[in-house]
Amino acid sequence: MLGAAGALCCLAAGTAMGSWLKIRRMTRLDMIRAAMDSLNAMRLLLETERLPLPDLLENSTAYTGGGHGAECMRRRFEYTAQQMRTNPLEGIPAAYRAACAAHAAPWEQEEEKAALESLFAQLGCGTAAMREQAAAACIRRLKPVEEKARAEAEKGGKLCIQLGMLTGLVAGIILW
Amino acid sequence: MTWMETIQFFSGCMPRSVGKALAAQAEGTVTEIRLRAGGRALILTQQEAIVCSGVFSQQQVAQIAEALCEHALYVRAEEQRQGFVTLRGGHRMGLCGRVVANGQSVRALREISSLCIRIAGQWRGAADAILPYLWNENGRVRSTLIIGLPGMGKTTILRDACRALSEQGVHMCVVDERSEIAAMCGGIAQLDVGPNTDVLDGCAKEAGLRWMLRAMSPEVLVTDELGSIQDAQAVMDAARSGVSVMATLHGRDPETALSRGTLYTLVQNQVFERYIILDDKRVGTVSMICDEKLRPIGVQEAV
C-alpha cells in the first residue's frame, strides 16, 4: 500500500517514538538529580550562611547539572524565591505550588512530587538545624527514586528505542 | 531607604488595611506599628494613634514577622533571644510570644503573638546641638556616650553625629551589631552615615571594635547600645589605643545609669570625655551634657 518510502517512514516514526520515551525518562532523572544536588547545596548553605529563604533557594541551584530536567528544577526554585519576595505573606508551600504550576513537568511522578512538597512544607518552619534535617530527609526519600529512575532511563530507555524501532518495522512491513 | 520605599516594604508584608493606613501618613510621621494576636493593628504617629480594621490571628502575626524579616527569622535566633530583630532599613521589630526557657536563659521564641515595629528615621540635624561639644581644643573628636530611654532618639542622634563628623572629614568606623545605625543592605548603607564612614555590619561589639582598630585605622569608632561589662571592656580597650569612641547606653539619667555596672566602670576609668543625657519625655531633646566625671557642663534645648 505505502511502498518502500512509507515503510521507511513507519520505521523512523517508531524509532522517534521510542527515543522520545527514553528522553522523557532521562529528563525525569535529570530533574531528580538536580533536586538532590540543590538539596545538598542547601544543607551546606544552611550550616554555613545566614541566608533568607529566597536567597537560600536561589543559591542552592548554583551547582545543579545541565539538561532540560535540571533547568526545570532550577526555574522552580527561582520562581519560588521570586514568589516569596513578591507575596511575602503567602508562605513557602504556596510559593512552591505556584512554581510547579508555572513550570509544569509532565515527566514528574508522584514519588518525587510528594518528597519535594513535603520538604517545602517543612522548610518554612523551625530552626536552621530542623530545616537542614528536612533537606536531609528529602534527599533520603529521593535516593531510591533516583535509583529507580536511573534504571528505568538506562535499561527501559534502550528497550523503548528497540520496541519503537520494531513496532515501526512491523507496521512498515504490514503497510508496504 | 526613602519614605516611599519604607512604606512599600511594610505594606507588602502586612494586610491591606494596615498598608492603606500607612500610605495615608505624611512622610516621617509614623513612629511605631503595633500588632497583636486577637487584636487590631495600631499605627502610632507623632500626633495620634490610628487603629486599623481587622483582627489578627496568631498565625497571621507570625507570618507577618516572617515576611518582615524577609523569611530570615530562622537564622536570627540570637537576636530573637534578645527580644527583637532589625529589619531592612534599620527598623527594629520587638517580638513577644511563648519563650522556650532553659533556667534563666532564653533558648527560643515560639508562637509569636505581638510585634512592636519602631520606625527608624534619618533626622538630619538631630545632632547639631551636641556637635560643638564633640571637639576638644586639639581638634580631636572627644569620646562621647549618649544616654537616654528607649525611643528617645539615641541612635538617631548618634547616626547624625557620625554623618556630620564624617562630612567634616573625620574617618568614622561603625560597628553596627544590630544593623540599626547604617542599616546595610547589599553593601550599601540605607541610612546616611556620611561619606567618610566604614561599616562593619552584624558583628558583635567586642570582636568588631578590635577588627576595626586592626583593619581600618579609624579616628572615631561608633557603636550602639553598650549593655554588658564585656562591651564596656571592649570600649575601654579601644579608647586606650588612642581612638575616640561614640556609643549609646540605656538610662533615664546619670544616677540610674550609674547603678548599672557598665557605666560605673566606664566613668571610673574616664573612658568618655562627654556624656549626652537625653530628655525622658521629648524625643531627640538633649537635657544635659556632662564632662568625663559626669559633672554637668551645659544644657541644650530642643534639637
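1. Start with a crossing in chain A: α1(A) and α2(A) cross in a right-handed way. Handedness is read by looking at the near helix: clockwise from the far one by less than a right angle is right-handed, anticlockwise is left-handed. The contact uses A:S38, A:A41, A:M42 and A:L45 from α1(A), with A:L56, A:N59 and A:S60 from α2(A). Contact is set by C-beta atoms, placed from the backbone, lying within 7 Å. By class, four of these residues are nonpolar, three are polar and none is charged. Nonpolar covers Ala, Val, Leu, Ile, Met, Phe, Trp, Tyr, Cys and Pro; charged covers Asp, Glu, Lys and Arg; the others, Gly among them, are polar.

2. A word on the model and its labels. Residues are numbered from 1 along each chain as its sequence is written, and chains are lettered from A and ligands numbered from 1 in the order in which they are written. The model is predicted: local features need pLDDT of at least 70, side-chain atom pairs count only at pLDDT 80 or more, and totals for chains, interfaces and linings use all residues.

3. Now the geometry of that pair. Helix α1 of chain A spans residues 3–48, and helix α2 of chain A spans residues 53–60. Their angle is about 130 degrees, and their axes are 8 Å apart. That makes α1(A) oblique to α2(A). Under 35 degrees is roughly parallel, over 145 roughly antiparallel, 65 to 115 roughly perpendicular, and the rest oblique. Axes are lines fitted to C-alpha atoms, for helices over the stretch in contact; angles run from 0 to 180 degrees between N-to-C directions. Helices here are DSSP runs of H or I, at least four residues; strands are runs of E, at least two; both are numbered from the N terminus.

4. Chain A has another such pair. Helix α3 (residues 68–86) and helix α4 (residues 92–102) of chain A cross at roughly 130 degrees, with axes that come within 8 Å. α3(A) and α4(A) are therefore oblique to each other. Their crossing is right-handed. On the α3(A) side, the contact includes A:R76, A:Y79 and A:T80; on the α4(A) side, A:I92, A:A95 and A:Y96 are among the residues. The class count is nine nonpolar, two polar and one charged.

5. What joins the chains? Here 12 residues of chain A are in contact with 11 residues of chain B. α2 and α6 (128–175) of chain A each supply at least two residues of the side that touches chain B. That side of chain A has eight nonpolar, two polar and two charged residues.

6. Chain B is assigned domain 1 (3–118) and domain 2 (131–298). These bounds come from an automatic or database domain assignment. Between the two domains, seven residues of domain 1 are in contact with eight of domain 2. The domain 1 side divides into no nonpolar, three polar and four charged residues. The centres of the two domains, taken over C-alpha atoms, are 27 Å apart.

7. In helix α3 (residues 58–68) of chain B, the buried residues include B:V61, B:I64 and B:L68. Buried means 20 or more other C-beta atoms within 10 Å, exposed 12 or fewer, partly exposed in between; C-beta atoms are placed from the backbone. The cover includes α1 (3–13), β1 (30–36), β5 (92–102) and β6 (105–118) of chain B. Just after α3(B), B:E70 has a positive phi of about 55 degrees.
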